[in-house]
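Subject: Handover of a structure for your review

Dear colleague,

Please find the structure below, followed by an account of what was found in it. I would be grateful if you read the two side by side.

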Amino acid sequence: MDIAAAAGETALQRAGALRLSSSAKARMKAFVHQARQYYEAVDEVDPVAKPLLAYYFVLNAAKAYLTAVDEKLTESHGFSHGIGQNNARLSTPYDFYQEHFDIKRDGVFRALALNTGRGFVWRPGPMKLSRLLPYLPESVDLYSSSFGLKPALIPIERITVEASGARPNREAWLTVEVSRLALQEADLGPRRLLGSAVAFADSFDLVDDGNSMTATYQLRHSIPYPSMPGPLFGLRNAFDRSLIVRNRTLSAHRDGIILSPHIDLVSSEAITFAVMLHLSNMVRYRPHHVEELRGGGHWWLFTSWVDRACENFLLAVSSRIALEEHVIT
C-alpha cells in the first residue's frame with residue numbers, strides 16, 4: 001500500500017483501471033499514511049481501546065482501496081461511515097445480544113460491500129451484531145469454543161490454480177479440496193456441502209468424492225488465460241463470487257467455505273468493517289457496557305479478534321490493490 005501510494009497508482013491502474021487524478025493520488029497517500037499510524041498503535045493499548053484505533057485503521061485502508069477502484073467514491077468530503085448506532089433495543093440488565101446497528105443508504109460500508117465479494121449489500125435498516133460473529137474468519141475457533149457451537153465455516157484443505165491449453169486459447173480454473181473429516185464434523189458429505197453452502201455451489205461443482213481423505217471441487221466455468229493480467233481479474237472475480245473466506249494471518253492461515261442457504265451474502269471485508277465500527281462506537285459512547293463484557297464469553301472480540309482482524313484486513317486490501325495474494329505463512 002505504501003508503494004502504491006508513493007507511485008500514485010496501483011496494479012489496478014496498470015491493468016487498465018482509470019488513472020488517478022492528482023487529488024485522488026493525494027487522498028490515497030493520506031489514507032495509507034493514516035492507516036499505518038492507527039495500525040501500529042493498536043498493539044500498544046488496553047483491549048477496551050483497541051476497537052477505536054482499529055476502526056480508524058480499517059476505515060482509512062478501505063478508503064485507500066476504494067480510491068484505487070474508483071476515485072469518485074472518495075472525492076466527497078461528506079463520505080460517511082455508512083453505519084449508524086441503534087440503541088433502541090438496549091435494556092436493563094444489559095445483554096450483548098441486544099446489540100444492533102443501522103445500515104445507511106450510502107457511505108464507506110456500502111461502497112466496500114459493493115466492491116468486494118459478490119458485490120451484495122444489505123438493505124438499509126437494523127442489523128443484529130451477533131448474526132455476523134460466526135462469519136469472522138479470524139476467530140472461527142474462538143466463537144465456536146465460547147458458545148459450544150459448530151463453526152459456520154468449513155475449512156479448506158487446499159486451493160490450487162490450474163491451467164491447460166496453449167495461448168491464445170489457454171484457460172485456467174480453481175480447484176478446492178475439502179477434508180472429509182471436516183465434512184463429517186459438520187454432519188455433511190461431499191454433495192450435501194453444496195446444498196448447505198449455496199454461494200460456493202453457485203461457482204463450484206463436485207468433481208471427485210472418491211478420495212479417502214478429501215473431496216475435490218472445481219470451478220464450474222474456466223477463465224480465459226491468454227495473457228497477464230487478464231486472468232487475475234477473472235480468477236479473483238470467481239474467488240469473490242464463491243464467497244470463500246480467507247484468513248491470511250500468521251495465527252491461522254486458512255480458507256473456509258461459508259455454510260449458508262443464502263446466495264447473496266456480504267463480503268468478509270465488509271463484515272469486518274461493520275463489526276469494528278460497532279465495537280468502536282461501544283468504546284466511545286458506552287464504555288460501561290464494554291466493561292460488563294470484560295472476562296465474559298464475548299471478551300475475545302476485544303482481546304484477540306481486533307488484532308487478528310486488523311492484520312487480515314491489511315493483507316486483504318493489499319491483495320486487492322496489488323492484484324496478487326499477500327499471506328503470512
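Leaving aside its neighbours within four places in sequence, which residues is Phe273 in contact with? Contact means heavy atoms within 4.5 Å. By that criterion, Phe273 meets Tyr55, Val58, Leu59, His81, Ile83, Val108, Phe109 and Leu112.

Before going further, please note that this is a predicted model, in which local features need pLDDT of at least 70 and side-chain atom pairs count only at pLDDT 80 or more, while totals for chains, interfaces and linings use all residues. Residues are numbered from 1 along each chain as its sequence is written, and side-chain values use heavy atoms, with hydrogens and water left out.

The nonpolar cores

In soluble globular proteins, nonpolar side chains tend to be buried together. A nonpolar core is here a set of buried Ala, Val, Leu, Ile, Met, Phe, Trp, Tyr and Cys residues joined through side-chain atoms within 4.5 Å. Buried means under 20% relative accessible area, exposed over 50%, and partly exposed in between (1.4 Å probe, protein chains only). The largest such core has 70 residues, and Phe109, Phe273 and Trp305 have the most contacts inside it. Helix H4 (residues 50–69) supplies the largest share of this core, 12 residues. Helices (H or I, at least four residues) and strands (E, at least two) are DSSP runs, numbered from the N terminus. A second, separate core has 27 residues, including Leu194, Phe200, Ile223 and Ile244.

Helix H4 and its surroundings

Two packed helices are described by the angle between their axes and the distance between the axes. Axes are lines fitted to C-alpha atoms, for helices over the stretch in contact, and angles run from 0 to 180 degrees between N-to-C directions. H4 and helix H13 (residues 300–322) pack at an angle of about 10 degrees, with their axes 10 Å apart. The two helices, H4 and H13, are therefore roughly parallel to each other (angles under 35 degrees count as roughly parallel, over 145 as roughly antiparallel, 65 to 115 as roughly perpendicular and the rest as oblique). Among the residues that meet are Phe57, Val58 and Tyr65 in H4, and Phe302, Val306 and Phe313 in H13.

Ala64 also lies in H4. Its relative accessible area is 0%, so Ala64 is buried. Apart from neighbours within four places in sequence, Ala64 is in contact with Met1, Met28, Phe31 and Val32. Ala64 and Lys29 are 35 residues apart along the chain, yet their C-alpha atoms are separated by 7.8 Å.

A sheet and the helix across it

Two strands pair if DSSP finds at least two bridges between them. Strand S2 (residues 100–103) is joined to S3 by 4 bridges, and His100 has Lys128 as its bridge partner in S3.

Ser267 is found in the loop between strand S11 (254–258) and H11. Is Ser267 buried or exposed? Ser267 counts as buried because its relative accessibility is 2%. A polar contact is a pair of N or O atoms within 3.5 Å; within protein, one must be able to donate a hydrogen and the other to accept it, and residues adjacent in sequence count only if both atoms are side-chain atoms. The side chains of Ser267 and Thr116 form a polar contact of 2.6 Å. The Ser267 side chain also reaches the backbone nitrogen of Ala270 at 3.2 Å.

A hairpin

Strands S5 (residues 158–164) and S6 (residues 171–179) run antiparallel and are joined by 7 bridges. They form a hairpin with 6 residues between them, and Gly165 in the turn has a positive phi of about 85 degrees. Thr160 has Thr175 as its bridge partner in S6. Glu162, in strand S5, counts as partly exposed at 31% relative accessibility. The side chain of Glu162 makes a polar contact of 2.7 Å with the side chain of Thr175.

Yours sincerely,
A colleague
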